[in-house]
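Dear colleague,

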Amino acid sequence: MVDLNTIASLCKRRGFVYQSSEIYGGLGSVWDYGPLGVELKNNVKNLWWKSAVYERDDVEGLDASILMHPDVWRTSGHVAGFKDSWVDCKSCNKRFRYDEVKQKTCPECKGELTEPRTFNLMFKTFIGSVESEANEIYLRPETAQGIFVNFKNILASSRKKLPFGVAQIGKAFRNEVTTGNLTFRSREFEQMELEYFTYPEDSDKWFDYWVNERFQWYKKFGMNKKNIRLRKHAKEELAHYAKSCYDIEFLFPMGWLELEGIAHRADFDLKQHSEISGKSLAFYDEEKKKDIIPHVIEPSGGVDRTCLAFLIDAYKTEKVRGEKRVVLAFHKELAPVKVAVLPLLRNRPELVKLARAIYKDLRGDFKVTYDDTASIGRLYRRQDETGTLYCITVDVKSLEDKKVTVRDRDTMEQERISVDMVKKYMEGKLR
Ligand code: ATP
């Protein structure tokens, strides 16, 4: 398995992930996605949205605001209970999450630890021009609550019947105590959450369904079966709202860690918001002629963790003719760049013209790049290292036979195809 430093250095060098505000010394555990990172991230989000919303007839989308009424967070239990405790080592000054240190001494240097200190993970700010306690609001620590408080709106405008779901992708913020490990635990991150509302009596069945559905999703997009597993939460581990919970875990270089949680939230959220807001969030069942508070199944995944896991999972090194080849063997739907057009000579105008024409013809349909800044060996290595699926080289012979060479990232096989056929060929491979 690749170590995290190798991934971090590749991410920075090749433009996947940079530390936020680096020129000012950086901001801890806040990250910016570079040109390739944003492509990977968009691919992850689009694939999730496609499977959660477009390919189903029982799920609608939502994009709620990051800022919400503070009562939302009082009602959800976040103001009182969304806390972490940490301890510091008095010798080496390292900080640890209290729930993660098993012994009474520092896991790294065996030094004495401080007493645990606790604080709320939500970021606070003010709404309006007066910085008073009355104007305090929070940056949302999860996207889910936006769905619960809009339950009635969505029901009225979409006329959905149980069971149905609402999907949302958006930013969330947590003032995490222990950080590090690249984007794994960031202070600003994105979640992909689905709240699936069911009849109470069917909720266990739907819980099993979503655990399986979400587990298969990662495998569908190429995640190695050996690197992913399901783990059921023990009773004592369950959050206050959860009846049952599974984590989908990935084998990160730091060990098996959560990629996504699927929780059976029963009727906790809708009931709670109904009670405190005084507005009923029940579903009126026309057939049974009564109000029902649906139960909720929540698959909640992290965009950033998923990107990191796919990056780690895709990383491969091999020896090719005595030389090391680094490849990000992404699934074709995840690869940030699908095709690279590589003219072999920069100083032959007819050749450059042909290469530019091929590039322009493809770029409206796929993410395509153009690179003529090195020798062909270097150009291939660059593209392999970022997971580009196909390289098209245009050489002097192309001017005579009107053919180009297409090289496959995984097999490294090369095929000579007619310039007129390039677009069709790529459509065949990539659709
Ligand atoms: P952890 O204990 O690992 O911080 P959590 O159990 O608090 O995670 P949830 O509240 O269940 O996480 O959030 C759902 C998903 O959101 C997680 O599975 C993860 O993918 C993502 N997530 C949560 N916190 C962070 C974070 N600080 N940085 C990046 N992703 C996060």
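**Salt bridges and other contacts**

With a relative accessibility of 40%, Arg117 counts as partly exposed. In this predicted model, Arg117 forms a salt bridge with Asp88, their closest N and O atoms being 2.9 Å apart. Because Asp88 lies in strand β4 and Arg117 in strand β6 (residues 117-120), the pair ties together parts that are 29 residues apart in sequence. Asp88 itself counts as buried, at 11% relative accessibility.

Strand β4 (residues 83-88) also holds Asp84, which is linked to Arg97 in strand β5 (residues 95-97), 13 residues apart; the closest N and O atoms of this salt bridge are 3.9 Å apart, and both Arg97 and Asp84 are buried. A further salt bridge joins Arg185 to Glu176, with the closest N and O atoms 3.8 Å apart, and here Arg185 is buried at 15% relative accessibility, as is Glu176 at 6%. Salt bridges with shared partners also join Arg229, Arg231, Glu237, Asp247 and Glu249 into one network, and the count of salt bridges comes to 41.

As for the cysteines, the count of disulfides is 0. The sulfur of Cys106 has its closest cysteine sulfur in Cys89, at 3.7 Å, which is too far for a bond because a disulfide requires the sulfur atoms to be within 2.5 Å. Cys106 is buried, at 0% relative accessibility.

Finally, the axes of helix α1 (residues 4-14) and helix α9 (residues 303-314) come within 11 Å and cross at roughly 105°, so the two helices are roughly perpendicular to each other. Leu4, Ile7 and Cys11 of α1 make the contact with Leu308, Leu311 and Ile312 of α9, which by class gives 6 nonpolar, no polar and no charged residues.

Conventions
Residues are numbered from 1 along each chain as its sequence is written. This is a predicted model: local features need pLDDT of at least 70, side-chain atom pairs count only at pLDDT 80 or more; totals for chains, interfaces and linings use all residues. Side-chain values use heavy atoms; hydrogens and water are left out. Buried means under 20% relative accessible area, exposed over 50%, partly exposed in between (1.4 Å probe, protein chains only). Axes are lines fitted to C-alpha atoms, for helices over the stretch in contact, and angles run from 0 to 180 degrees between N-to-C directions. Helices (H or I, at least four residues) and strands (E, at least two) are DSSP runs, numbered from the N terminus. Angles under 35 degrees count as roughly parallel, over 145 as roughly antiparallel, 65 to 115 as roughly perpendicular and the rest as oblique. Contact means heavy atoms within 4.5 Å. Ala, Val, Leu, Ile, Met, Phe, Trp, Tyr, Cys and Pro count as nonpolar, Asp, Glu, Lys and Arg as charged, and the others, Gly among them, as polar. A salt bridge is a side-chain nitrogen of Lys or Arg within 4 Å of a carboxyl oxygen of Asp or Glu.
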